[in-house]
Amino acid sequence: MQGRSGPLSRTLSIAESAAGTSVRQRPLLLTRDFGLVWSGQLISQIGDGVSRLALLWFVYAVTGSPLKTSIIGLLQTIPPIVLGPIIGVYVDRLPKKALLITSDVLRALLIGLIPCLIPVESFTVSVLYVLVLLHAIATAVFGPALTAAIPAFVPKTQFTAANALLQSTTSLGIIFGPALSGLGIAAYGSQEVLCLNAATYMISAACLTLVRFKKPASTVPSHAVQPTMLQDLVEGFRYSVVIQPAILLLTGTAALYTFGTSALTALFPVFARKMLGLGPVEVGYLWSALGVGLFVTSIGLLWATDWMVKDRIRLIMGTSALSGIAICALTMTLDPYMAGLLLGLIGCGMGAFTPIAWGIIQELAPSQMVGRVLGLYGTGAMTAAIGGISAFGWIMEQQSPETGVLGIGLILLATALVAARMSRPSAVY
């Protein structure tokens, strides 16, 4: 007799059977379209890595407040929460190529060109907050549009590999960006460092103009009445909650995961400066160590792209546990070299969740609904993120950085426990 299986195993069994009979495709980076996307993202992610540390360092240097520094992280998470479902509707309706290029150009202006044009005396924390919020809105469009566009130029059997390779650009940005940023801050200042992003985003936009996007097959007759935005939202919500409850389960797990990891990345300069007494150059190098670990896992996921879903979930379980243990151990050392090693392990652990989760969504959701599903997934995850940043920002200010870091580690260990429950084939949800 065949035992009962959890929703993830049940809903993906057909997709996995199809994947097993597919022919092996050539390496993604050797394909023209994905290679262009990857190259553009690599350049823009290095620019993001440069500006990310500059933003946080500028606010903390001016205010001296962990809570006010955490506002940068909060502003970056508000747009996906408030606008995520609406953005998902437009991602499904509008040409993804136009959305991606427009978002890149806007981001080049907001965190690249405009900071260069503002006089030093006028470049205040309040002005920076406004620019960060507008930049976050553009990024909230770019992220789901890029993820939803992957099926337009990547075969289904390589979705997880494509997500992992795109995440590798993020990790390379973390490796090289903060180190360059720390050197730039020490030599020139935070404002000047931000100017680099204008060029990187424009390079990304130029690469995207050369990419050929396959047109999705229309499932709505041409004479049919266009559904309203509310109808599209309800359809996406119903699919994610009622028709495919596995997506709801995955979103809940992602919420727990981002509750901890978003606080870690948003408050990293605070506890590095307070716990270890480091300057911007050393903090940049430590952040780069996090990127090295993230990159290692991203490359490793290339061999896991066609794993059974239960095995991919078990990988999330193991990597989340690794991150949680390493974060807890971070509170026990004052040695920057040991801290760098631990951050590398933390990065290894953090590298698995997002590519695997996105791959599952891309496999489950119909092509005309991926944007809405990703929008709802992002809203759930980022709502938890804003809660984590606020909670741990308060804990670090009222208690101690060590207490906050230990709490983040415990959250990652809890994520591993939830993933262990999800991976059981006999589990009933």
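**Aromatic pairs, salt bridges and surface of the predicted model**

Phe34 and Phe153 are both buried (buried means under 20% relative accessible area, exposed over 50%, and partly exposed in between, with a 1.4 Å probe and protein chains only). The model is predicted, so local features need pLDDT of at least 70 and side-chain atom pairs count only at pLDDT 80 or more, whereas totals for chains, interfaces and linings use all residues. Residues are numbered from 1 along each chain as its sequence is written, and side-chain values use heavy atoms, with hydrogens and water left out.

Four aromatic pairs are present in the structure. A pair of aromatic rings is described by the distance of the centres and the angle of the planes. Rings of Phe, Tyr and Trp (its six-membered ring) pair if their centres lie within 6.5 Å; planes under 30 degrees apart count as stacked, over 60 as edge-to-face and the rest as tilted. The ring centres of Phe34 and Phe153 are 6.4 Å apart and the planes are at 45 degrees, so this pair is tilted. Phe34 belongs to helix H2 (residues 32–63) and Phe153 to the loop between H5 and helix H6 (159–187), so the pair ties together parts that are 119 residues apart in sequence. Helices (H or I, at least four residues) and strands (E, at least two) are DSSP runs, numbered from the N terminus.

Phe153 also forms an aromatic pair with Phe213, which is edge-to-face, with 5.5 Å from centre to centre and 90 degrees between the planes. This pair links distant parts of the chain, 60 residues apart: Phe153 is in the loop between H5 and H6, and Phe213 is in the loop between helix H8 (196–209) and helix H9 (229–243). Phe153 counts as buried because its relative accessibility is 12%. Together, Phe34, Phe153 and Phe213 form one aromatic cluster.

Nine salt bridges are found in the structure, a salt bridge being a side-chain nitrogen of Lys or Arg within 4 Å of a carboxyl oxygen of Asp or Glu. In one of them, Asp104 is joined to Arg107, with the closest N and O atoms 2.8 Å apart. These residues are three apart in helix H4 (residues 96–117), so Asp104 and Arg107 are separated by about one helical turn. Both partners are buried: Asp104 has 0% relative accessibility, and Arg107 has a relative accessible area of 3%. Arg107 also lies over the face of Phe142, at 4.3 Å from the ring centre. A charge sits over a ring if NZ of Lys or CZ of Arg is within 6 Å of the ring centre and within 35 degrees of the ring normal.

Another salt bridge is formed by Arg93 and Asp232, with 2.9 Å between the closest N and O atoms. Arg93 lies in helix H3 and Asp232 in helix H9, so the pair ties together parts that are 139 residues apart in sequence. Arg93 is partly exposed, at 32% relative accessibility, whereas Asp232 is buried, with a relative accessible area of 6%. A further salt bridge joins Arg32 to Asp33, and its closest N and O atoms are 2.9 Å apart. Here Arg32 is partly exposed, with a relative accessible area of 41%, and Asp33 is buried, at 13%.

Helix H3 (66–93) and helix H5 (125–149) are the elements that give two or more residues to the patch, and H5 gives the most, with four residues. Val130, which is in helix H5, counts as partly exposed at 48% relative accessibility.

Pro144 is likewise found in helix H5 and is buried, with a relative accessible area of 18%. Pro144 and Tyr377 are 233 residues apart in sequence, and their C-alpha atoms are 10.0 Å apart in space.
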